[in-house]
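My notes below follow the order in which I looked things up.

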Amino acid sequence: MESRHGRKKEQAESPEVLKAKEEKEAVLVREYLTLKDSLKELVESNKRDNDALKVTTALLRKSPDYYTIWNVRRTILKEGFLDNADDETANKIYTGELEFVQENLKLNPKSYWMWNHRRWCLESMSQPRWDRELAMVGKFLEMDARNFHGWDYRRYIIRQLDLKDKEAKDKVLDRAQSEFDFTTTKIHQNFSNYSAWHNRSTLLGKLAEDLSAEERADIVDNEFDLVKNAIYTDPEDQSAWLYELWLIGREERSISILGASVISFHPLEIVVAFDETVKMRNPFTHVAIPLEGEWKATGSDSALGSVWIFQQAPGAVYGPTVEVVIFSNDVCAVRTGSKLPAAVCYELETLNQNLEDISGRLGRLVIGKNLMYDVTKRIGPVTGPDGTLETQVAHPKHCVTSLTESDSLDDRVALLEREISAVRELVEMEPDWPIQILSTLLSELRKTISIHSTKAKDIDDECIELQEKLITIDPLRQERYEDRRAQLVFERETLSIIQDSKRFPEIEYAANQPRNLDLSMRGLTHIPISSYLLHLHTLNLDSNSIRSTRFLRNLLN
């Protein structure tokens, strides 16, 4: 369906063309073996003179991508020519190398190792001419505006010039504006220029740093106009679509603590469940009188998981009330890097508990019998380790686009609904390619809605349908779409387990947990969030295509 840099894939080549290619490749293999022998002789000779340098020149003209030859050449230059050279002589040598590289770049402008050698020359010179380099790479991008090596090198040069002018902010911003204008020119020349769109995204943030909210909004509107023009010109090209997704940005949900339960009082064992895989420090280290023990994730990796258990150390003593305090910096999501929006405290009353209903250790839980006591959750100011209160942010800012934010989530919703409507129009004209974009935008809209709303259900159903279409039209990525579909189906089928938290959009366990869950014949390939299943007595997974049972370790260890 899609192709590199948005260009359509060519049809299969004829047998004659394939045979000619094979013969050409055989010649290249023989040349490569000859080069390899010549390089071995050169290295073994340990020569550091003009003759040795000429050998590397000849070898590199034949095979400029043979990076070992470039390494040998630099060694010859450093040890044979540069060690005792003065600045003037050294600069002449480096200038000669730059000319040599430039000559070869005309033949192969997409060689990593030539661009790398050019950087080495400039960084070794006493007075490199970065302005000349900028002009040089500009000419290469005139010949091939989509050469990502050239774009990467151009960003490198700009970074060097900015370092040189780091005390002159106006000059740096003027340069950023000039580069931004350069991307505009290249995009208008050819909308299918991923490198130009990418470079544009890196520059916008810098240019918008000191702008007001209104000025940022104007820039965003202009960018949407530009990208819409590109999309409607060629809806199948990926470059503009990817830029639009960047421009829309992502509303990253904070981590949610689904709940906490005690499964044993002697020794004390407490389970805390999250809505995604996290790394966690020991919250008890922040309590005034720490309770000795250890936090571990259930499953194969005790340092990562969505279900964590605290196990009291032998001989440790606790009082009538135990507090589990988890501060925002105690938890970090593995996939997104997000944290808790504020501290959470769970309070456990240890007196007057019926210990007969508790087995004693998580590893000895009896399947089918609920052995967990819910722990009371307290949201609000919590005293931190330094004695100050950590409070919840009263009015968190919401992402509207990658450059703008708002106090109201409604602004984000309005933007997403506008873009979704535009994509739906394109789906009618080009039924295949925009489907993936539509699915992504719907998923973003889904984050802004109560999980039990009718609108959320409609979005889930449509996203599942879109994944099924993608499986059909893009079989090369079938497993990716199957896994995404499985996640959507799982979330839809487990709605009875979770509810919106008071701190929307966080979620938590529902007050009344189902005892049994039937997920049979749902086409699941995996269980994306095993912590959802923590309170179940029975789980039916018959007639699915689940590839791994690792999720069970989170529930039975």
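**Cores.** Which residues have the most contacts inside the largest nonpolar core? I found Trp-197, Tyr-532 and Leu-533, in a core of 75 residues. My working rule for a nonpolar core is a set of buried Ala, Val, Leu, Ile, Met, Phe, Trp, Tyr and Cys residues joined through side-chain atoms within 4.5 Å. Buried means under 20% relative accessible area, exposed over 50%, and partly exposed in between, with a 1.4 Å probe and protein chains only. Helix H14 (residues 454–473) gives this core its largest share, 7 residues. Helices (H or I, at least four residues) and strands (E, at least two) are DSSP runs, numbered from the N terminus.

I then listed the partners of Leu-533, leaving aside neighbours within four places in sequence: Phe-490, Ile-497, Leu-517, Ile-527, Leu-539 and Leu-555 are in contact with it. Contact here means heavy atoms within 4.5 Å. A reminder to myself: in soluble globular proteins, nonpolar side chains tend to be buried together.

**Ground rules.** I am working with a predicted model, where local features need pLDDT of at least 70, side-chain atom pairs count only at pLDDT 80 or more, and totals for chains, interfaces and linings use all residues. Residues are numbered from 1 along each chain as its sequence is written, and side-chain values use heavy atoms, with hydrogens and water left out.

**Whole protein.** I count 16 helices and 17 strands in the secondary structure. Of the 557 residues, 45% count as buried. Among contacts with a separation of 6 or more, 63% come from residues 24 or more positions apart. The accessible surface comes to about 29,400 Å², and 49% of that belongs to carbon and sulfur atoms; the areas come from the Shrake-Rupley method with a 1.4 Å probe, and for residues only the protein chains shown count as cover.

**Strand E2.** Next I looked up the pairing of E2 (residues 268–280), taking two strands as paired if DSSP finds at least two bridges between them. Which strands does E2 pair with, and in what sense?
- Strand E1 (residues 257–265) runs antiparallel to E2, joined by 7 bridges. The two form a hairpin with 2 residues between them, and Ser-261 stands opposite Val-271.
- Strand E4 (residues 305–312) is also antiparallel to E2, over 6 bridges, with Val-272 opposite Trp-308.
- Strand E6 (residues 331–333) pairs with E2 over 3 bridges, antiparallel again, and Val-278 faces Ala-333 there.

I also checked cover: 11 of the 13 residues of E2 are buried.

Phe-327 is in the loop between strand E5 (321–326) and E6. I note that it counts as buried because its relative accessibility is 5%. Its C-alpha lies 8.9 Å from that of Pro-341, 14 residues apart along the chain.

**Helix H5.** H5 (residues 112–124) has 13 residues and reaches 19 Å from first C-alpha to last, close to the 18 Å expected at 1.5 Å a residue. That expected span is 1.5 Å times one less than the number of residues. Its buried residues are Met-114, Trp-115, His-117, Arg-118, Arg-119, Trp-120, Cys-121 and Leu-122. They pack against helix H3 (67–82), helix H4 (87–105), helix H6 (130–143) and helix H7 (148–164).

Cys-121 has 0% relative accessibility, so I log it as buried; Cys-463, at 1%, is buried too. How many disulfides does the structure hold? I find 0, taking a disulfide as a pair of cysteine sulfur atoms within 2.5 Å.

**Ala-422.** This residue lies in helix H12 (residues 409–429) and is buried at 13% relative accessibility. Not counting residues up to four places away in sequence, Ala-422 touches Lys-228 and Tyr-232.

**Positive phi.** Two residues other than glycine went on my list.
- Met-521 has phi near 55 degrees and sits in the loop between strand E16 (516–518) and strand E17 (538–540). Is Met-521 buried or exposed? At 64% relative accessibility, it is exposed.
- Ser-543 has phi near 60 degrees, in the loop between E17 and helix H16 (553–556). Ser-543 is exposed as well, at 56%.
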